[in-house]
Amino acid sequence: MGRRVLLAAVALSVSCGSRTPLLPGGPGSGPGGSGGSGGGATPQAVVCNAALLDGAPTPTRGYCTTRANQAALSGPHAPTIAWSVTPFPILSPEDYLPAETVVDATGRAYVAINVSPMGPVGSQNQLLAVNADGSVAWTSAFDSSVTQLSLGRDGRLWFVQQPPLGSCLNPPCASSFLTALSPAGTQVATVAPIQTPAMSSFSLMAIASDGSFFVGAPGLERMTTDGTTLWQTYAEFGAAILVGSDDGVVATGGGETMAYDSAGGQIWSGGLASLAAVNAQGNVVELS
């Protein structure tokens with residue numbers, strides 16, 4: 001698996017040879033795939049093979065786990081505010097981190113609002129569901145942070161729960177894990193990787209084409225929905241996990257970008273990326 005890297009800082013296209021890109025095809029090639037394919041592809045749409053909810057305009061951050069930020073539908077040309085809602089009072093916005101949102105095929109939005117590390121002691125993180133008409137379907141509070149929202153192909157809302165900062169004074173400590181909620185807000189699954197130093201507390205999650213998970217930062221692991229570890233590496237990174245159509249994965253952070261095949265074998269490494277994505281042609285795009 002090769003790569004072509006676009007360095008935005010110098011506006012220079014660098015080719016590393018005619019090797020296979022992370023994602024095959026180009027703009028508009030093939031069907032829209034999962035994760036919002038119901039609206040039909042556009043010339044800018046990236047084929048998404050992750051096991052994400054069909055027809056959802058925003059099944060995960062960036063539309064797909066490639067973080068390509070290209071959806072299968074065009075956005076509104078002249079958006080206006082249709083409604084606003086305040087599910088719980090926020091008296092001091094600086095006490096909370098920016099909200100994270102995904103939207104399902106019906107227009108329901110799932111919103112996670114986490115308390116800032118500088119927020120008031122005892123404040124809880126909030127996860128809420130808001131229907132397309134602005135009515136609040138349900139709210140739920142968590143002591144641990146709620147991040148990396150993703151709507152699975154089966155309609156479950158998956159996310160990472162991390163232990164509160166400063167909660168571990170003496171090992172062994174609480175670890176990160178994945179949680180799934182039904183559309184009604186009921187917890188239906190919890191998945192945690194084998195506890196190793198590299199995976200004791202992870203902050204990133206991406207869903208593969210078969211519904212298995214990539215979790216990481218630090219370390220990188222692929223595991224099944226029952227928590228079985230398929231492979232694990234101890235590489236240090238923390239910016240993003242990018243998943244290709246063949247379930248090869250690119251991890252960035254720590255001043256380096258690393259690519260692995262679906263079985264966990266490292267294919268290449270290099271670059272000084274602070275951010276990365278996969279474009280419509282299947283090339284890895286790095287911002288340094």
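Arg 222 is buried, at 6% relative accessibility; buried means under 20% relative accessible area, exposed over 50%, and partly exposed in between (1.4 Å probe, protein chains only). The model is predicted: local features need pLDDT of at least 70, side-chain atom pairs count only at pLDDT 80 or more, and totals for chains, interfaces and linings use all residues. Residues are numbered from 1 along each chain as its sequence is written, and side-chain values use heavy atoms, with hydrogens and water left out.

Arg 222 forms a salt bridge with Asp 247, at 3.1 Å from N to O. A salt bridge is a side-chain nitrogen of Lys or Arg within 4 Å of a carboxyl oxygen of Asp or Glu. Asp 247 lies in the loop between strand S15 (240–243) and strand S16 (249–253), and Arg 222 in strand S13, so the pair ties together parts that are 25 residues apart in sequence. Strands (E, at least two residues) are DSSP runs, numbered from the N terminus. Asp 247 is buried, with a relative accessible area of 7%.

Arg 222 also pairs with Asp 210 in a salt bridge, the closest N and O atoms being 3.3 Å apart. Asp 210 sits in the loop between S11 and S12, 12 residues from Arg 222. Asp 210 is exposed, at 53% relative accessible area. Salt bridges that share partners join Asp 210, Arg 222 and Asp 247 into one network.

The whole structure holds 3 salt bridges. One of them links Arg 156 and Asp 154, with 3.7 Å between the closest N and O atoms. Arg 156 is partly exposed, at 30%. Asp 154 is exposed, at 53%.

The largest nonpolar core has 19 residues. Such a core is a set of buried Ala, Val, Leu, Ile, Met, Phe, Trp, Tyr and Cys residues joined through side-chain atoms within 4.5 Å. Among the residues with the most contacts inside this core are Trp 158, Leu 178 and Phe 213. Strands S8 (157–162), S9 (177–181), S10 (187–191), S11 (204–207) and S12 (213–216) each supply at least two core residues. Leaving aside neighbours within four places in sequence, Phe 213 is in contact (heavy atoms within 4.5 Å) with residues including Trp 158, Met 205 and Arg 222.

Thr 233 lies in strand S14 (residues 229–233). Thr 233 is buried, at 16%. Not counting residues up to four places away in sequence, Thr 233 touches Gly 219, Leu 220 and Tyr 260.

Key:
Helix = DSSP H or I, 4+ residues; strand = E, 2+ residues; numbered from the N terminus.
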